[in-house]
Amino acid sequence: MLSHLIIGASGLYLGDMLFIAISFLVLMAIIAKVAWNPITKMMADRADKIANDIDAAQKSRQTATDLADQRREALSHSRSEASDIVSDAKQSGEKQRASIVTDAQNEATQYKQNARKDIEQERQDALKNVQADVADISVQIASKIIKKQLDPKGQQALINSYIEGLGKHES
């Protein structure tokens, strides 16, 4: 088969060659007229589409980068706000603690003063009662002394009765 082509190629004439060349040129002209512009247009459209896709991808990448930066900044801002809130809460808690301690100290001081006043009042009442008891006992002793002429036995009995009277007054 290959030998047939070689033999056929050696049998070409100039007229056949011109016909083939003109046919080729006509075919090229028809292709240029009919197919070249649509193919060129299709290739240009395809190049434009690829360029647009690349531009859109770059814009998307830039947008994503911007959003990431905004989110980092927002996160940083949020952390700063959270830190401020915690700091404010600590300060507020410290102020409340100091206020509570101060109030408790004031209340304790007030209780102490009231207790001292009560103790002093009780002491004054006890002194008044003791004075009254001493006065009563003195009057009783004086009345007993006046009623009796005392001999040593009488004095001892008076002292014993006085001592017994003290025990009754104390209870």
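A salt bridge is here a side-chain nitrogen of Lys or Arg within 4 Å of a carboxyl oxygen of Asp or Glu. By that criterion, the whole structure, which is a predicted model, holds 5 salt bridges.

Of its 171 residues, 2% count as buried. The accessible surface amounts to about 15300 Å², and carbon and sulfur atoms contribute 62% of it.

Next, select Leu 14, Met 17, Leu 18, Ile 22, Val 26, Ile 30 and Val 34. Together these residues form a nonpolar surface patch with about 690 Å² of accessible area. Within this group, Ile 22 lies in helix H2, which spans residues 14–147. Ile 22 counts as exposed because its relative accessibility is 51%, the cut-off being over 50%.

Now display the charged side chains of helix H2, starting with Lys 41 and Asp 45. Their closest N and O atoms are 3.4 Å apart, forming a salt bridge. The two residues are 4 positions apart in helix H2, and therefore separated by about one helical turn. Lys 41 is exposed at 53%, whereas Asp 45 is partly exposed at 40%.

Proceed to Lys 49 and Asp 53, a salt bridge with a closest N–O distance of 3.1 Å. Asp 53 is partly exposed at 42%, and Lys 49 is partly exposed at 43%.

Finally, select Asp 69 and Arg 72, whose salt bridge has its closest N and O atoms 2.8 Å apart. Here the spacing is 3 residues in helix H2, again about one helical turn. Arg 72 is exposed at 55%, while Asp 69 is partly exposed at 38%.

How values were computed. Residues are numbered from 1 along each chain as its sequence is written. This is a predicted model: local features need pLDDT of at least 70, side-chain atom pairs count only at pLDDT 80 or more; totals for chains, interfaces and linings use all residues. Side-chain values use heavy atoms; hydrogens and water are left out. Patches are made of residues with over 30% relative accessible area and no salt bridge: like charges are joined within 9 Å, nonpolar side chains (Val, Leu, Ile, Met, Phe, Trp, Tyr) within 5 Å. Accessible areas come from the Shrake-Rupley method with a 1.4 Å probe; for residues, only the protein chains shown count as cover. Buried means under 20% relative accessible area, exposed over 50%, partly exposed in between (1.4 Å probe, protein chains only).
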